[in-house]
Amino acid sequence: DTASPRRRPRGAWPKPHPGTPSIMGLSLSSSLRIGLLSAAAGTAAGFSFGAAAASGVRRTASTGLRPASLAAQSSAAAVSFKDAGLCKKLDVPADLLEKVDVFIFDCDGVIWKGDSLIDKVPAVLAMLRAAGKKVFFVTNNSTKSRKGYLGKFKSLGLEETQPEEIFSSSFAAAAYLEQTKFKESGKKVYIIGEVGIEEELDMIGVPWIGGGSDAGKKIALKSGYALPHDSDVGAVIVGFDREINYHKIQYAQLCINENPGCEFIATNLDAVTHLTDAQEWAGNGAMAGAIKGCTGREPTLVGKPSPLMIDYMVEKFGIERGRICMVGDRLDTDILFGQNNGLLSCLTLSGVTTEEKLLSPENEIKPDFYVDSIADFL
């Protein structure tokens, strides 16, 4: 059967049907929309405080200069740091903690680097839980499934972490296929990626090929040779893959370019990632970029800053967006994810973003707060 799977028009989203399979017991909302997102943060307008406000006085016709009330100053000059194009470093933890009921943490560069836990993370998480805050972990790293990530949390001593608190981009890819009824098409998925994607697709019963089984494969280029590919592949999922090779790239481009209706899905487009705590390593942006380059296609993005995971969480747990804070180390994924989805945001400098980059005039993505690390929450 080479018929292409039913596909949604660009910008549209299929409505859920009775009996829709679900992940973790929730039928995903039809309001979830995934696509490549552009930066929502524009250049903030300039502003200035008047001389009277700056000096704490104001002039009246009858009495001349007199101290301005705090309320009057607030109403006249109520400009947030972010709206003014500035960034506020968190000096008083209560300034953030009192506004937030739910904290969503990125993992790489925030909770750990490679296999090393960042200083004071256990104490911060214990403090937040003791204060009645909900805690979730959302990572663009697709190399592990939720089950695999739970094992990593436990191995690092974060024993209080629960499976339902963890959301990975491998899970998001499976959720996307489930929501779009991919299984009903009778097609299969070709995976560039690691075991995380494989395990998540197994959980929803979607057949796949590639992944780890194509590691080490080589193509013997000779006259007249054409690499055969499966015409029943209806989607190619590209996630971080430490064993990517030319065979995988060629197989993926054949599926996308030659199989009618085959979709190109990327778990994330991160430029770099933390494989060790010693340096940054090329991320999935390199893998997805290779496929984009040979197909001319833009991928459907399912990880941050796509809204799929936050929409899922809001519906499943009934939480209010305005009381959620996204904490991450990347401006173009974590902070943009927060801004595009109506959340507060806090950038931590313990990962890939430097203070110099954050405060540079060229940066238009401004968090509500920033910290050296989440140890500053204490």
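Helices (H or I, at least four residues) and strands (E, at least two) are taken here as DSSP runs, numbered from the N terminus. The model is a predicted one.

**Exercise 1. State how many helices and strands the protein has, and what share of its residues counts as buried.**

Solution. Step one is the count of elements: there are 12 helices and 17 strands in the protein. Step two is burial: the protein has 378 residues, and 50% of them count as buried. Step three turns to contacts. Among the contacts with a separation of 6 or more, 71% are between residues 24 or more positions apart.

**Exercise 2. Describe how helix 8 and helix 9 pack.**

Solution. First, locate the two elements: helix 8 covers residues 246-258 and helix 9 covers residues 284-295. Their axes lie 10 Å apart, at an angle of about 50 degrees. Next, classify the angle. Angles under 35 degrees count as roughly parallel, 65 to 115 as roughly perpendicular and over 145 as roughly antiparallel, with the rest oblique; helix 8 is therefore oblique to helix 9. The crossing of the two helices is right-handed.

Then list the residues that make the contact. Helix 8 contributes Ile 249, Ala 252, Gln 253, Ile 256 and Asn 257, while helix 9 contributes Ala 290, Ile 291, Cys 294 and Thr 295. Sorted by class, the contact of helix 8 with helix 9 holds 6 nonpolar and 3 polar residues, and no charged ones.

**Exercise 3. Classify the aromatic pair of Phe 103 and Phe 377, and say which parts of the chain the pair ties together.**

Solution. Begin with the whole structure, where a search finds 12 aromatic pairs. In the pair of Phe 103 and Phe 377, the distance is 5.7 Å centre to centre and the planes are 45 degrees apart, which is a tilted arrangement. Phe 103 belongs to strand 3 (residues 102-105) and Phe 377 to the segment after strand 17 (369-371), so the pair ties together parts that are 274 residues apart in sequence.

For a second pair, take Phe 167 and Phe 171. Their ring centres are 5.7 Å apart and their planes stand at 70 degrees, so this pair is edge-to-face. Phe 167 is buried at 0% relative accessible area, and Phe 171 is buried at 0% relative accessibility.

Finally, return to Phe 103 and Phe 377. They are part of one aromatic cluster that also includes Phe 105, Trp 112, Phe 137, Tyr 149 and Phe 153.

**Exercise 4. Decide whether Asp 214 is buried or exposed, and find its contacts.**

Solution. Start with the position: Asp 214 sits in the loop between strand 9 (208-210) and strand 10 (233-238). A residue counts as buried under 20% relative accessible area; at 5% relative accessibility, Asp 214 is therefore buried. Leaving aside neighbours within four places in sequence, Asp 214 is in contact with Tyr 190, Asn 245, His 247 and Lys 248. As for Ile 192, it is 22 residues from Asp 214 in sequence and 8.7 Å away in space, C-alpha to C-alpha.

**Exercise 5. Name the buried residues of helix 7 and what covers them.**

Solution. In helix 7 (residues 195-203), the buried residues are Gly 196, Ile 197, Glu 198, Glu 200 and Leu 201. Their cover includes helix 5 (146-155), helix 6 (169-179), strand 7 (166-168), strand 8 (188-192), strand 9 and strand 10. Just after helix 7, Gly 205 has a positive phi of about 75 degrees.

Definitions and conventions. Residues are numbered from 1 along each chain as its sequence is written. This is a predicted model: local features need pLDDT of at least 70, side-chain atom pairs count only at pLDDT 80 or more; totals for chains, interfaces and linings use all residues. Side-chain values use heavy atoms; hydrogens and water are left out. Axes are lines fitted to C-alpha atoms, for helices over the stretch in contact, and angles run from 0 to 180 degrees between N-to-C directions. A crossing is left-handed if the near helix is turned anticlockwise from the far one by less than a right angle, and right-handed if clockwise. Contact means heavy atoms within 4.5 Å. Ala, Val, Leu, Ile, Met, Phe, Trp, Tyr, Cys and Pro count as nonpolar, Asp, Glu, Lys and Arg as charged, and the others, Gly among them, as polar. Rings of Phe, Tyr and Trp (its six-membered ring) pair if their centres lie within 6.5 Å; planes under 30 degrees apart count as stacked, over 60 as edge-to-face and the rest as tilted. Buried means under 20% relative accessible area, exposed over 50%, partly exposed in between (1.4 Å probe, protein chains only).
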